[in-house]
Amino acid sequence: MKFFVDTADVAAIAELDALGMVDGVTTNPSLIMKSGRDIHEVTREICALVAGPVSAEVVATEADAMIREGRRLAEIADNIAVKVPMTWDGLKACRALRNDGCMVNVTLCFSTNQALLAAKAGASFISPFIGRLDDINLDGLQLIGDIRIIYDNYGFETEVLAASIRSANHIAECAKLGADVATAPPDVIRKLVQHPLTDRGMDAFLADWAKTGQRIVA
């Protein structure tokens, strides 16, 4: 499974990238606002840091305007994936931008029907928002599994990018279901390393080692 980092915080991306934990980055208008930086400047910096796809989102709602914005974003770097919403206009923009040779991430997906349409329109990535489905008492993880089945049935090349990840458990379950990518905030990715038995074992080892009075390095 590929890990994309869901942030516009360059320092956080760099820290995880140094460990080999970054296969790409996803941003959105809210994350750009949180960074407090110009969208072109921060996106360019992220693209220079990360070899994989960097999703940058359009804010227009009408197809022609989305296409213009998408083409402008794609000029920032070769690894830009233009992010468009799962609407009819978004699908029109997806088709046009894919015909231009751009990567496209179709976002705000909440159903298998939407995922099927995105794949037909040629999307590079489909982003099902599992956390937001869980928020309204629907099963976000089931959507990941259902999309995986449909895409495998017909050989669609669109990658399933599990989004709105809220916990380390979400990532593990998405991996079992066959999601191609999980995008998560830096703090959720860091939590993957945590387990109480690991902590307990480390405490025991260190306590026993202290009793020996030895040092590995003088």
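How many helices and strands does the protein have? There are 11 helices and 8 strands, and the model they belong to is a predicted one.

**Figure 1. The whole chain, with its overall numbers.** Taken along the principal axes, the C-alpha trace of this protein spans about 70 × 40 × 30 Å. The chain has 218 residues, and 45% of them count as buried. If you look at contacts with a sequence separation of 6 or more, 57% come from residues 24 or more positions apart. On the charge side, you'll find 21 positive and 29 negative side chains. The centres of those two sets lie 1 Å apart.

Figure 2. Val5 sits in strand β1, which covers residues 2–6. Is Val5 buried or exposed? With a relative accessible area of 0%, Val5 is buried, because anything under 20% goes into that class. Its contacts, leaving out neighbours within four places in sequence, are Leu16, Val22, Gly24, Val25, Thr26, Thr183, Ala184, Pro186 and Ile189.

Figure 3. Thr183 belongs to strand β8, residues 181–184, and counts as buried at 4% relative accessibility. Which residue lies 179 positions from Thr183 in sequence but 4.4 Å away in space, C-alpha to C-alpha? That's Phe4. Setting aside residues up to four places away in sequence, Thr183 touches Phe4, Val5 and Asp6, along with Thr26, Leu161, Ala162, Ala163 and Ile165.

**Figure 4. Close-up of the Glu57–Lys83 salt bridge.** Side chains of opposite charge can pair when their charged atoms come close. The count for this protein comes to 11 salt bridges, and Glu57 with Lys83 is one of these pairs, with 3.9 Å between the closest N and O atoms. Glu57 is in strand β3 (residues 54–57) and Lys83 is in strand β4 (residues 80–85), so the bridge ties together parts 26 residues apart in sequence. Both Glu57 and Lys83 are buried.

**Figure 5. Close-up of the Asp135–Arg166 salt bridge.** In this pair, the side chains of Asp135 and Arg166 meet at 2.9 Å, N to O. Asp135 is part of helix α7 (residues 130–135), while Arg166 is in the loop between β7 (159–162) and α9 (168–177), so the pair links parts 31 residues apart in sequence. Arg166 is partly exposed, and its relative accessible area is 44%.

Figure 6. Within it, the side chains of Arg37 and Glu41 meet at 3.0 Å, N to O. Arg37 has a relative accessible area of 28% and is partly exposed. Glu41 also counts as partly exposed, at 42% relative accessibility.

Figure 7. Most residues other than glycine have a negative phi. Leu108 isn't a glycine, yet its phi is positive, about 60°. Leu108 is found in strand β5 (residues 103–109), where it is partly exposed with a relative accessible area of 31%. Asn137 isn't a glycine either, and its phi is about 65°. Asn137 lies in the loop between α7 and α8 (140–154), and at 72% relative accessibility it counts as exposed.

**Figure 8. Close-up of a nonpolar patch that includes Met202.** Which residues make this surface patch of about 340 Å²? Met202, Phe205 and Leu206 do. Met202 is located in helix α11, residues 196–212. At 44% relative accessibility, Met202 is partly exposed.

Conventions
Residues numbered from 1 in each chain as written. Predicted model: local features only at pLDDT ≥ 70, side-chain atom pairs only at ≥ 80, totals over all residues. Heavy atoms only, no water. Helix = DSSP H or I, 4+ residues; strand = E, 2+ residues; numbered from the N terminus. Buried < 20%, exposed > 50% of the residue type's maximum accessible area, 1.4 Å probe, protein only. Contact = heavy atoms within 4.5 Å. Lys, Arg positive; Asp, Glu negative; His and termini not counted. Charge placed at Lys NZ, Arg CZ, Asp CG, Glu CD. Patch = residues over 30% accessible without salt bridge, like charges linked within 9 Å, V, L, I, M, F, W, Y side chains within 5 Å. Areas by Shrake-Rupley, 256 points an atom, 1.4 Å probe, with all protein chains shown as cover. Salt bridge = Lys/Arg side-chain N within 4 Å of Asp/Glu carboxyl O.
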